[in-house]
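Work through the exercises below with the model open. Try each task before reading its solution.

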Amino acid sequence: GQLVESGGGSVQSGGSLRLSCAASGNIGSVFSMGWFRQAPGKEREWISCIAPDGRIKYADSAKGRFTLSQDSAKSTLYLQMATLKPEDTAIYSCARNRGPYCSHWQYPTWGQGTQVTVSS
């Protein structure tokens, strides 16, 4: 299935953004879905994931500032980001897990990513 992210942009430090990830079909009812980011020169970092049963996990770097949610049809994934910092600057991507487990790995399907730039 196809994943398409949107909602990225440029904000000042302390600002907020909401990213969206539209899936072709209600794949969130079957597979775990996750958000990742990759900053220039750094490895891809897992941010958060949601399992089909609704359980959500966050990386320590995201706790308290980022909120993952999903629409009732489980076809669109959201990442609400608040109190953004320059170090949050990265390409943010959503991905579908190979199974229903909310994890840091085994994501075979990815979106194209959306750029988030936070200026100080």
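Two strands pair if DSSP finds at least two bridges between them. Strands (E, at least two residues) are DSSP runs, numbered from the N terminus. This is a predicted model: local features need pLDDT of at least 70, side-chain atom pairs count only at pLDDT 80 or more, and totals for chains, interfaces and linings use all residues. Residues are numbered from 1 along each chain as its sequence is written, and side-chain values use heavy atoms, without hydrogens and water.

**Exercise 1.** Find the pairing partners of strand E9 (90-96).

*Solution.* 
- Start with E11: three bridges join it to E9, and the two run antiparallel. Here Tyr92 has Thr114 of E11 as its bridge partner.
- Next, E4 pairs with E9 over six bridges, also antiparallel. Gly34 has Ala95 of E9 as its bridge partner.
- Then E10 (residues 109-110) pairs antiparallel with E9 over two bridges. Arg96 stands opposite Thr109 in E10.

**Exercise 2.** Describe the largest nonpolar core.

*Solution.* 
- A nonpolar core joins buried Ala, Val, Leu, Ile, Met, Phe, Trp, Tyr and Cys residues through side-chain atoms within 4.5 Å.
- The largest has 24 residues; Trp35, Phe66, Leu77, Leu79, Met81 and Tyr92 touch the most other members.
- E3 gives the largest share, four residues.
- Apart from this core lies another of eight residues, including Phe36 and Trp46.

Terms used: Buried means under 20% relative accessible area, exposed over 50%, partly exposed in between (1.4 Å probe, protein chains only).
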